[in-house]
Structure formats: structure tokens, C-alpha cells
Amino acid sequence: MAMEQAEIEALIRAAIPDARVTIEDLAGDGDHYAATVVSEAFRGKSRVQQHQLVYAALRGRMGGELHALALQTSAPD
């Protein structure tokens, strides 16, 4: 079962409350998304650590309900 954009955004915002989140459905199938997440929580963290925070926010749905998520993460300018 595919995930809705709003559900992905809500999960990320619940785990990273200050995050600015933009989600794009890449294929129109609810399985392939791109997400841009900007949060102060990422400051001083490596790109891998930033992505791990986002994946943790998705609570194990990657690879199941959510097939692919291209991530761009950063701390605010």
C-alpha cells in the first residue's frame, strides 16, 4: 500500500518539529518521492546522520509502504 505525501510530511514534522518539508511525488504512483528537509536539528551533523534522522522519523516504512525517497537535507542558512 502506497503512502500519501501528507503522511510522509506529518511523520517527519512529528519527529523534527522545526523542519521545513517539501515532498514531491516523482512517479505519480505514491511509491517514489523526493523530499527536501531543512532543520536546525541537522546543524553539525553529516549528511548520513541527517538522512538517518529522516529515515527514523518514517518509523520503518522505507522499503515497505514507501519504496523510494530521494532526500535533500540541510540546516537553515
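The legends below describe close-up views of a predicted model. Residues are numbered from 1 along each chain as its sequence is written, and side-chain values use heavy atoms, with hydrogens and water left out. Local features need pLDDT of at least 70 and side-chain atom pairs count only at pLDDT 80 or more, while totals for chains, interfaces and linings use all residues.

**View 1. Three strands form an open sheet with the order S1-S2-S3 and mixed pairing.** Strands (E, at least two residues) and helices (H or I, at least four residues) are DSSP runs, numbered from the N terminus. Two strands pair if DSSP finds at least two bridges between them. S1 and S3 stand at the edges with a single partner strand each, so one side of each has no neighbour in the sheet. From one strand to the next, the twist averages 15°. S1 and S2 run antiparallel and are joined by six bridges. Val-21 stands opposite Val-37 in S2.

**View 2. Helices H1 and H2 lie against the strands.** H1 packs on the sheet and touches S1 and S2 (contact means heavy atoms within 4.5 Å). The direction of H1 makes about 155° with that of S1. H2 lies across S2 and S3 and runs at about 125° to S3. For these angles, axes are lines fitted to C-alpha atoms, for helices over the stretch in contact, and angles run from 0 to 180 degrees between N-to-C directions.

**View 3. Helix H1 has a buried side.** Buried means under 20% relative accessible area, exposed over 50%, and partly exposed in between (1.4 Å probe, protein chains only). The buried residues of H1 are Ile-8, Leu-11 and Ile-12. On the face turned away from the buried side, H1 carries the exposed residues Ala-6 and Ala-14.

**View 4. The largest nonpolar core holds 17 residues.** A nonpolar core is a set of buried Ala, Val, Leu, Ile, Met, Phe, Trp, Tyr and Cys residues joined through side-chain atoms within 4.5 Å. Ile-8, Ile-12 and Val-37 touch the most other members. H1, S1 (20–25), S2 (32–38) and S3 each give two or more residues to this core. Leaving aside its neighbours within four places in sequence, Ile-12 contacts residues including Val-21, Val-37 and Val-54. In soluble globular proteins, nonpolar side chains tend to be buried together.

**View 5. Salt bridges link Glu-7, Arg-61 and Glu-65 in a network.** A salt bridge is a side-chain nitrogen of Lys or Arg within 4 Å of a carboxyl oxygen of Asp or Glu. The structure holds four of them. Arg-61 meets Glu-7 at 3.7 Å, N to O. This pair links distant parts of the chain, 54 residues apart: Glu-7 is in H1 (residues 5–15), and Arg-61 is in the loop between H2 (47–57) and S3 (68–74). Arg-61 also forms a salt bridge with Glu-65, the closest N and O atoms being 3.4 Å apart. Glu-7 is partly exposed, at 30% relative accessible area, and Glu-65 is partly exposed at 30%.

View 6. Glu-9 is partly exposed, with a relative accessible area of 25%, and Arg-13 is partly exposed at 34%.
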